[in-house]
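Please have the structure open while you read this note. Check each point against it as you go.

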Amino acid sequence: MAPEIPNEATSVELLASATRGFDYLFCNDLARAKAHFEGKDDPYHLLGLGVCAFMEAALGMESGLLVEATRCLSQSEAGARKQMKSAIKAHPNQRFAPGLEWEILNADAVVLLGLTNALSESYMGYLQCMYALNSAHSKFSKLYKTVFPNGLDAYTTPSATPAPSRKSSTPSLHSAASSTTNLPTQPASKSLFARFTSSTLSIPSTLRTPEGNTEIPPDGPVEDLIVAGTAFGFGLFNLVFSLLPKKVQGVVGFLGFKHDRKLALRALAVSASKTDVHSVFAGLVLMTYYGVVLLLSGYQADETHIIKQYKAIVESIEKRYPDGALWILNRAKIMRMSYDPEGAIKVLRDGLRPDRPPSFAQADTLLVFELAWTLLGQRRYQDAADMFIKVTEINSWSHGTYYFLAAGCYISLGNTTKAQALLDVIPELIDKKKISGKDLPTEVLIKKKLAFYQEKQKRRGGDPKLWAQAIKVSLAEELGLFWNTHARIERRLALAHIREWSALTPDLPVTIAGPPTPLPPIMSPVATPAPRTGRSPMPVFGFSHALQPMPPSANPHHKHPKSGSLDSLDGKASNEGNPNNLPDLDTPDELAARHLLIGICERTAGAYVASRESLKSACALQEKIKVSTWVGGVAMFELAVLDLKEVEAAEAELIGAVSQTGMHEAVKRMTEWDRATKAAGKKLDAAMALAGSSVDLSSRLDSRVSMLRDEIAAKREALGI
């Protein structure tokens, strides 16, 4: 059936109806949202139904929903295109040219169709995605010039004070721009794709005014859609392209994609300040971005400002949709980034309570995933293992990765039997989930680690079927390096990690001064059935919260000090499965990973001198590493973060010591920041040189380097250096 083409009188009503459907979706009531969208053939409702199917497919990696998403989005795109044709001849009665809303709707559908094609995990799907994104990028770039001819300065954002209102509802395109930096420059020639994909159905790029003395009505839902939709689309493209690895940016730049991250964030903030559906999606993009920067960049030039922006957006949307899982997720993230992990855990558990309103299972996955990492950061290993396994019950993405993380938690608990049961089924789980016949990047690393420890067990002379006994540093803690898990934990937890890893043979002295810090209790596992494979729900291990502390004698890795001091630890290697009596760590790979983990935790604990030595020790072993070749690049990145954190801490101490700083102190601070930012920049260059395409998860390090470079540039700009 062809999509219904609404007339001008019913268009606003259909938009209002579709908005109610999205309200259900944002409140976590997916079933009611789909029921509301179904049975209506106009472009608005078809787009809504397509968004529901797309979000289910994307968040849950459910390929079976792609066909339905493609059908709905294709029909919505076709309907919006027909409306664009007829709207060009319409008589204007609003401050925007008729038809802009349909061009935005058309571009929305094109973007989602492209992303849906990419989820098919085929080469043709990726090509179709690039084609669609190029088309939508051109549309939104043109729309931005039409809707915001004078830039974005006159528009408010969620955490800003209201900006002056526009003087005229029909500004002249020939008037001086209020901020020329906000206006994208017109390229001298079209990109390679644009020469073949330019739309012939574009809306005129001028604002039209009514003839005679016809009065322009105040902005309504259509105008809100135009402003929010344009700002969202333009901001989204600029932000996404700015976050791509540099090598990929070079490719997409050749295809005509340009980016300006600062302008992108401003555009998304303008969209988020509106009430249209696009405002919610803009808020979600901003939340994701701010959360990623706080988690992965390592250092922020103005952390207070980022958290303020983040909080303002979350609070604004959560007031409208208090039961939405995505807003609950981001409120918890803010707490974790603000050093309130227990508050984050409470928010996440409340969001997952059984008696809450109808849930969106795919969105709930994100709550469980965040809860698992937060619990891991708190050394609550049993609870973290339970949550990682629970993710596999509600999500089909990479069960092998979640089993690997859960196995790491059981290694920390000293339960190698449970860890082995999980590790044994990982190869089969990985083989079931591939992208275009290839393993996921994380799973490539996991398979290498499995083979690494199997070989280590042979050297130890232990039972080859019980090779989990050879793992001495938790797999979850090591993989957590890529999620920067240890950067925002409490000092007492950082010290506990340092003590535990330093005690592994060959043991290391603990050089951090301070009173003895007892290890937090590690919870013991309870007996549960062995894991099974397949697409059926996975068993949840030990889903009991009435657990008792594990006796030290049952946990070979939980070594309490003999006299309570940090450095009086048992230095003997574990004899479990080790008749050849090899050290706990007997390869450069393991020694380097330990130095890296300890160095990060020392920095978290404020021991900057010790941290530098540990991180440099990790870098020094790089040439001898055989499998974990990613260590050197990550360690160099962490050294760059250390350069900045050290100066930041010294500056805070100086400001706290004196109420007023004179010219001499100001010049000294400026000099220190200049030195530190330049030194950090050189280390980032070195990190990228160590992170070639053959290095595991190098693209993640590339993105982290890009984010940190932005923070360094922002700091230098703020200081005027």
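1. **Ground rules.** This is a predicted model: local features need pLDDT of at least 70, side-chain atom pairs count only at pLDDT 80 or more, and totals for chains, interfaces and linings use all residues. Residues are numbered from 1 along each chain as its sequence is written, and side-chain values use heavy atoms, with hydrogens and water left out.

2. **Whole protein.** The protein has 26 helices and zero strands. Both are DSSP runs, numbered from the N terminus: helices are H or I with at least four residues, strands are E with at least two. Of the 721 residues, 55% count as buried, meaning under 20% relative accessible area with a 1.4 Å probe, protein chains only.

3. **Helix α18.** This helix covers residues 416–432, 17 residues in total. From first C-alpha to last it reaches 25 Å, close to the 24 Å expected at 1.5 Å a residue. The expected span is 1.5 Å times one less than the number of residues.

4. **Its bend.** α18 bends by about 35 degrees at isoleucine 426. Proline 427 follows within four residues. The bend is the angle between axes fitted to the seven residues ending there and the seven starting there.

5. **Its cover.** Buried residues of α18 include Leu422, Leu423 and Ile426. Among the elements covering the buried residues are α16, α17, α19 and α20.

6. **Glutamine 622.** Where is glutamine 622? It sits in the loop between α23 and α24. Glutamine 622 is buried, at 14% relative accessible area. Its side chain reaches the backbone oxygen of threonine 629 at 2.9 Å.

Technical notes. Buried means under 20% relative accessible area, exposed over 50%, partly exposed in between (1.4 Å probe, protein chains only). Contact means heavy atoms within 4.5 Å. A polar contact is a pair of N or O atoms within 3.5 Å; within protein, one must be able to donate a hydrogen and the other to accept it, and residues adjacent in sequence count only if both atoms are side-chain atoms.
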